[in-house]
Amino acid sequence: MITVSAAPFDYCFEPARTALVVIDMQRDFVEPGGFGESLGNDVSPLAGIVPTVQRLLAWSRARGLFVVHTREAHRPDLSDCPPAKRERGSPRLRIGDIGPMGRILIDGEPGAGFVPTLAPVAGELEIVKPGKGAFHATALQDTLRTRGITHLLFAGVTTEVCVQTTMREANDRGYECLLIEDATASYFPAFRQATLEMIRAQGAIVGWTAPFGALP
Ligand code: C5J
């Protein structure tokens with residue numbers, strides 16, 4: 001059993017029943033020229049967590065945690081992209097448009113792929129998801145159930161969108177969730193901070209948070 005000094009109180013987990021879920025560390029969100037930047041965002045806060053996510057992956061692999069990597073991506077014909085999602089707002093490039101890293105958020109295009117240093121290794125699960133939450137329209141829950149996973153550590157981007165949505169989905173399904181504070185980022189630092197606080201509020205209403213350095 002591993003005990004982490006977390007907020008709002010200690011978080012305990014058995015590595016054999018725990019998965020690390022790395023959310024959407026994709027070039028389209030993290031690198032200049034991708035979807036994130038086309039929405040008018042500065043991507044540097046997201047790029048800044050890459051070394052910590054690398055260390056978290058190494059830590060988890062060394063302890064035998066099951067590792068899950070998600071990507072937000074759509075089919076080339078956009079049949080899994082609701083028009084309401086594609087049409088919303090006024091980005092410079094919409095989902096499916098051609099950008100500097102191929103078609104935006106389309107599975108198989110370079111931009112929809114992982115940041116190279118964070119790519120999955122053999123034996124790890126890759127989930128391609130059409131929504132914000134990784135449980136929506138994917139095999140994630142069945143896979144975790146089959147493996148007897150009860151606890152989830154979270155990292156990735158963006159804190160208040162896909163990370164938070166997936167944590168809330170997981171919490172409703174009975175998983176005990178810990179978000180690694182310095183392994184998650186947002187284009188809006190205030191949103192990241194608010195999300196950390198709302199997750200651990202009211203006695204860990206959604207889950208726990210702790211910095212990477214708190215992992216023993
Ligand atoms: C967004 C994500 N922000 N991965 N996706 O559209 O958070």
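Mentor: Let us begin at the ligand, where a polar side-chain atom of Lys132 lies 3.5 Å from one of the ligand's oxygen atoms, a polar contact being a pair of N or O atoms within 3.5 Å; within protein, one must be able to donate a hydrogen and the other to accept it, and residues adjacent in sequence count only if both atoms are side-chain atoms. Please keep in mind that this is a predicted model, in which local features need pLDDT of at least 70 and side-chain atom pairs count only at pLDDT 80 or more, while totals for chains, interfaces and linings use all residues. Residues are numbered from 1 along each chain as its sequence is written, and side-chain values use heavy atoms, with hydrogens and water left out.

Trainee: How far is a nitrogen atom of the ligand from the side chain of Asp24?
Mentor: An N or O atom in the Asp24 side chain is 2.7 Å from a ligand nitrogen, and a polar backbone atom of Val157 is 3.2 Å from a nitrogen atom of the ligand.

Trainee: And which residues are around the ligand?
Mentor: They are Asp24, Phe29, Glu72, Lys132, Val157, Thr158, Val161 and Cys162, counted when one of their heavy atoms lies within 4 Å of it.

Trainee: What about the peptide bond from Val157 to Thr158, cis or trans?
Mentor: That bond is cis, with omega near -15°, and Thr158 sits in the loop between strand 8 (151-157) and helix 7; helices (H or I, at least four residues) and strands (E, at least two) are DSSP runs, numbered from the N terminus. Another cis peptide bond joins Ala7 and Pro8, with omega about 5°, and Pro8 belongs to the loop between strand 1 (2-4) and strand 2 (11-13).

Trainee: Switching to helix 7, at what angle does it pack with helix 8?
Mentor: Helix 7 (residues 159-172) and helix 8 (residues 189-204) pack at about 15°, with their axes 10 Å apart, where axes are lines fitted to C-alpha atoms, for helices over the stretch in contact, and angles run from 0 to 180 degrees between N-to-C directions. The two helices are therefore roughly parallel to each other, since angles under 35 degrees count as roughly parallel, over 145 as roughly antiparallel, 65 to 115 as roughly perpendicular and the rest as oblique.

Trainee: Which residues make the contact?
Mentor: Helix 7 contributes Thr159, Glu160, Gln164, Met167 and Arg168, and helix 8 contributes Phe191, Arg192, Thr195, Met198 and Ile199, contact meaning heavy atoms within 4.5 Å.
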